[in-house]
Amino acid sequence: MQKEDLIFFRKWFFEYINQFFSNDPFIQKNIELKIKHTERVCKNSILLAESEKISEEECMLAETIALFHDLGRFEQFIKYKTFRDSESENHAVLGVKILNNEKIFSRLSGEEENLILKVIECHNIMEVPENIKNSEKLYFFSRLIRDADKIDILRLASEEPAEEEKRNPALELYLPDTWGYSEPVISEILNNRMAKIGDMKNRNDVKLLRLSWIFDINFPATFSLLKKYGYLESIMSSLPEIEETESLKTHIKEYLDTKESETR
Ligand SMILES: [Fe+2]
C-alpha cells in the first residue's frame with residue numbers, strides 16, 4: 001500500500017458520504033455523528049499503530065480499516081433511521097458489501113484487500129472469531145480497530161445527556177431509567193469480564209456495560225488514551241450513588257491503575 005492509495009481512499013470516502021447529506025436536521029445530525037466518529041477512530045488508530053512501532057505501510061492499513069469500518073452506517077441510517085443492528089441489519093456486513101460492489105480496493109494487493117475486508121466484517125462481533133485469531137496479522141489489526149472504536153464509543157457514552165428529551169433516538173436502547181443495577185452485570189465486572197447485552201435491564205446497566213469494555217482492551221496505549229481523555233471518569237460520575245456504586249468504582253479504578261502501571 002502506498003501513500004497515494006490512502007489519499008485516494010480518503011477522497012473516495014468524503015465523496016461517498018456527500019450523497020447522504022440532508023436538509024432534514026435529524027438525518028444530518030446522525031450523518032455528521034458518524035463522520036465525526038470515523039475521524040476520531042482514524043485518529044485513535046493512528047495513535048495506537050504508532051505506539052506499537054509498526055511500519056509506515058501497516059500504519060496506513062490501520063488508518064484505511066478505521067476509515068471504512070463503519071461505512072455501512074450511512075446506508076443503514078438512511079434506510080432504517082436507526083444505528084441498532086438488531087432492528088435493521090449488520091452494519092459491518094453491509095459495509096463490506098458496499099466496498100465489494102465499489103471495488104475500491106482493486107488497487108491494492110489481494111492480501112491487503114482480504115485483510116481490510118475481513119477485519120471490517122468482524123469489527124462488531126463480541127469476540128474475535130477463531131479464523132481471525134489464527135492469523136497473526138488479521139488478529140493484530142482486528143484488536144487495533146476494536147480498541148480504537150471502543151475509545152470513541154466511550155466518548156459518545158460519556159457525552160450522553162441525562163435528560164431524556166435531549167437523547168438521540170437513533171442510538172437509544174429504550175431501557176427504563178430505573179433504580180439500581182442488574183446483578184449479573186455487577187458480577188461480570190467484579191470478575192473482570194465484559195458484561196452481556198442480554199443482562200442489561202436499565203440505563204445504569206448500559207453505562208456499566210460500556211465500562212466493562214475495559215476488560216476487553218488489547219493495547220497499553222488504549223489505557224493511556226482513555227486516561228488522557230477522561231471518558232471513563234465521566235461515565236462513572238454519572239452513575240447513581242447507591243450501595244454498590246462505590247465498590248464498583250473502586251474495582252474499576254484499581255483495575256485501570258494496575259493496567260496503567262504495566263504501561264510504564
Ligand atoms: Fe465504529
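1. Second pocket. In this predicted model, the second largest pocket has a volume of about 200 Å³. Its lining comprises 14 residues. Those nearest the centre are Glu-160, Pro-161, Ala-162, Lys-207 and Ser-238.

2. Where the lining comes from. Three helices each supply at least two lining residues of the second largest pocket: helix 8, helix 10 (203-211) and helix 12 (231-237). Helix 10 gives the most, with three residues. By class, the lining splits into five nonpolar, four polar and five charged residues.

3. Iron site. Four protein donors hold positions 2.1 to 2.5 Å from the iron ion. They are His-37 (NE2), His-69 (NE2), Asp-70 (OD) and Asp-149 (OD). Along the sequence, the donor residues follow the spacing H-x31-H-D-x78-D. Asp-70 sits in the loop between helix 3 (56-68) and helix 4 (72-80), while Asp-149 belongs to helix 8 (residues 136-158). These two aspartates are 79 residues apart, and the pair links distant parts of the chain. Both Asp-70 and Asp-149 are buried.

4. Site geometry. Water is not among the atoms, so sites may look incomplete. Keep that in mind when reading the four-donor count for the iron ion.

5. Arg-155. This residue lies in helix 8. Is Arg-155 buried or exposed? Its relative accessible area is 3%, so Arg-155 counts as buried, the limit being under 20%. Setting aside neighbours within four places in sequence, Arg-155 is in contact with Lys-36, His-37, Arg-40 and Tyr-231. One of these contacts, His-37, is also a donor of the iron ion.

6. Leu-144. Helix 8 also holds Leu-144. Its relative accessible area is 1%, and therefore Leu-144 is classed as buried. What does Leu-144 touch beyond residues up to four places away in sequence? The list is Ser-45, Leu-48, Ala-49, Ala-62 and Phe-219.

7. Leu-61. Helix 3 contains Leu-61. With a relative accessible area of 3%, Leu-61 is buried. Leaving out residues up to four places away in sequence, Leu-61 touches Met-1, Glu-112, Leu-115, Ile-116 and Phe-141. Leu-61 and Leu-232 are 171 residues apart in sequence, and their C-alpha atoms are 28 Å apart.

8. Ile-189. Look next at helix 9 (residues 183-190), where Ile-189 lies. Ile-189 has a relative accessible area of 0% and is buried. Its contacts, not counting residues up to four places away in sequence, are Leu-208, Ser-212, Phe-215, Leu-248, His-251 and Ile-252. The C-alpha atoms of Ile-189 and Leu-99 are separated by 37 Å, for 90 residues along the chain.

9. Positive phi values. Two lysines deserve a check of the backbone. Phi of Lys-53 is near 50 degrees, positive in a residue other than glycine. Lys-53 is placed in the loop between helix 2 (25-51) and helix 3. Lys-103 likewise has a positive phi of about 50 degrees, although it is not a glycine. Lys-103 is found in the loop between helix 5 (91-102) and helix 6 (110-121). Are these lysines buried or exposed? Lys-53 has a relative accessible area of 72%, so it is exposed, the limit being over 50%. Lys-103, at 57%, is exposed too.

10. Lys-29. Helix 2 carries Lys-29. Its relative accessible area is 42%, which means Lys-29 is partly exposed, between the 20% and 50% limits. Lys-29 and Asp-257 are 228 residues apart in sequence. In space, their C-alpha atoms are 37 Å apart.

Definitions and conventions
Residues are numbered from 1 along each chain as its sequence is written. This is a predicted model: local features need pLDDT of at least 70, side-chain atom pairs count only at pLDDT 80 or more; totals for chains, interfaces and linings use all residues. Side-chain values use heavy atoms; hydrogens and water are left out. Donors are N, O and S atoms within 2.8 Å of the metal (3.2 Å for Na, K and Ca); water is not among the atoms, so sites may look incomplete. Helices (H or I, at least four residues) and strands (E, at least two) are DSSP runs, numbered from the N terminus. Buried means under 20% relative accessible area, exposed over 50%, partly exposed in between (1.4 Å probe, protein chains only). On a 1 Å grid over the protein atoms alone, a cavity is a set of points where a 1.4 Å probe fits but cannot get out, and a pocket is an open set with protein on both sides within 12 Å along at least five of seven lines; lining residues have an atom within 4 Å of a point. Grid points are joined across faces, edges and corners, and a volume is the space filled by probe spheres set on the points. Ala, Val, Leu, Ile, Met, Phe, Trp, Tyr, Cys and Pro count as nonpolar, Asp, Glu, Lys and Arg as charged, and the others, Gly among them, as polar. Contact means heavy atoms within 4.5 Å.
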